[in-house]
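Dear colleague,

I am handing over a structure that will be new to you, and I would be grateful if you could look through it alongside the notes that follow.

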Amino acid sequence: MNEPLSDHAAHILDLSRRLEADRQATAEAVARMESRMDHMETKLDRRNDKAADPASTAKGCQ
């Protein structure tokens, strides 16, 4: 009777470890995506600033 209980405990422990590994991988993926989004926002802000600058627009017309 102890054996099935031990098997269940081992299975639960294994699932718990997998869940924690998945949580960690998800957190890392979210951090990477947030970093990429910040990078893209910075690039867009620079483009918008450049497009709004009359001097840079005048240079393009010459």
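A word on terms is needed before the details: a residue counts as buried when its relative accessible area is under 20%, as exposed when that area is over 50%, and as partly exposed in between. Please also keep in mind throughout that this is a predicted model.

To begin with the overall picture, the chain has two helices and zero strands, and of its 62 residues 0% count as buried. Its accessible surface comes to about 5900 Å², and carbon and sulfur atoms account for 57% of that area.

Turning to contacts between charged side chains, the structure contains two salt bridges. One of them joins the side chains of aspartate 14 and arginine 18, with a distance of 3.2 Å from N to O. These two residues lie four residues apart in helix 1, which covers residues 2–52, so about one helical turn separates aspartate 14 from arginine 18.

Finally, I would draw your attention to a patch of negative charge on the surface, in which Glu34, Asp38, Glu41, Asp45, Asp49 and Asp53 gather. One of the residues in this patch is aspartate 45, which is found in helix 1. The relative accessible area of aspartate 45 is 46%, so this residue is partly exposed.

When you open the model, you might start with the salt bridge between aspartate 14 and arginine 18, and then move along to the negative patch that includes aspartate 45.

Definitions and conventions. Residues numbered from 1 in each chain as written. Predicted model: local features only at pLDDT ≥ 70, side-chain atom pairs only at ≥ 80, totals over all residues. Heavy atoms only, no water. Salt bridge = Lys/Arg side-chain N within 4 Å of Asp/Glu carboxyl O. Patch = residues over 30% accessible without salt bridge, like charges linked within 9 Å, V, L, I, M, F, W, Y side chains within 5 Å. Areas by Shrake-Rupley, 256 points an atom, 1.4 Å probe, with all protein chains shown as cover. Lys, Arg positive; Asp, Glu negative; His and termini not counted. Charge placed at Lys NZ, Arg CZ, Asp CG, Glu CD. Buried < 20%, exposed > 50% of the residue type's maximum accessible area, 1.4 Å probe, protein only.
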